[in-house]
Amino acid sequence: MIQKEMTVQLTGGMEARPIAVLVQVASQYDSTVYLQVGTRKVNAKSIMGMMSLGLDAGEKVTVIVDGTDEKEALADIEKYLSTAE
């Protein structure tokens with residue numbers, strides 16, 4: 001298991017479209033992927049879970065990945081969250 005704190009740098013924050021793309025990125029991997037904000041932890045492969053976080057641009061999240069392809073998954077998620085769309 002690996003985890004890393006990241007800052008959401010998507011210009012509009014995590015609205016419906018960016019969340020759908022993030023779920024697609026996370027779903028490409030066999031590893032489990034969670035995003036945690038404070039005490040709230042949700043499955044990054046769940047659209048409804050991700051929508052419930054209500055993340056805004058500039059907000060810090062901890063990405064937790066566990067599995068055989070965890071390094072690749074973490075790198076792709078970090079790349080996506082750090083792009084300004």
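## How helices α1 and α3 pack together

The crossing of α1 and α3 is right-handed. The contact is formed by Pro18, Val21, Leu22, Val25 and Ala26 of α1, together with Asp76, Ile77, Tyr80 and Leu81 of α3. Keep in mind, as you look around, that this is a predicted model. Let's take the pair first, then each helix, and then a glycine in a loop.

**The pair**

- The two helices, α1 and α3, pack at an angle of about 165°, and their axes lie 9 Å apart.
- Angles over 145 degrees count as roughly antiparallel, so α1 is roughly antiparallel to α3.

**Helix α1**

- Helix α1 covers residues 16-27, and its 12 residues should span 16 Å at 1.5 Å a residue.
- Which residues of α1 are buried? They are Pro18, Ile19, Leu22, Val23, Val25 and Ala26.
- Looking down the axis of α1, you would find these buried residues within an arc of 160°, so they line one face of the helix.
- On the face turned away from the buried side of α1, you will find the exposed residues Arg17 and Gln24.
- What do the buried residues of α1 pack against? Their partners are β2 (32-37), α2 (47-53) and α3 (70-81).

**Helix α3**

- Helix α3 has 12 residues, and the distance from its first C-alpha to its last is 16 Å, close to the 16 Å expected at 1.5 Å a residue.
- The buried residues of α3 are Glu70, Ala73, Leu74, Ile77, Tyr80 and Leu81.
- Around the axis, these residues cover an arc of only 130°, which puts them on the same side of α3.
- Lys71 and Lys79 are exposed, on the face of α3 turned away from its buried side.
- The buried residues of α3 pack against β1 (2-7), α1, β2 and β4 (60-66).

**A glycine in a loop**

- Where is Gly67 found? Gly67 sits in the loop between β4 and α3.
- Partly exposed residues have a relative accessible area between the buried limit of 20% and the exposed limit of 50%, so Gly67, at 31% relative accessibility, counts as partly exposed.
- Gly67 and Ser31 are 36 residues apart along the chain, and their C-alpha atoms are separated by 4.1 Å.

Methods: Residues are numbered from 1 along each chain as its sequence is written. This is a predicted model: local features need pLDDT of at least 70, side-chain atom pairs count only at pLDDT 80 or more; totals for chains, interfaces and linings use all residues. Side-chain values use heavy atoms; hydrogens and water are left out. Helices (H or I, at least four residues) and strands (E, at least two) are DSSP runs, numbered from the N terminus. The expected span of a helix is 1.5 Å times one less than its number of residues. Buried means under 20% relative accessible area, exposed over 50%, partly exposed in between (1.4 Å probe, protein chains only). The arc is that of the directions from the helix axis to the C-beta atoms. Contact means heavy atoms within 4.5 Å. Axes are lines fitted to C-alpha atoms, for helices over the stretch in contact, and angles run from 0 to 180 degrees between N-to-C directions. Angles under 35 degrees count as roughly parallel, over 145 as roughly antiparallel, 65 to 115 as roughly perpendicular and the rest as oblique. A crossing is left-handed if the near helix is turned anticlockwise from the far one by less than a right angle, and right-handed if clockwise.
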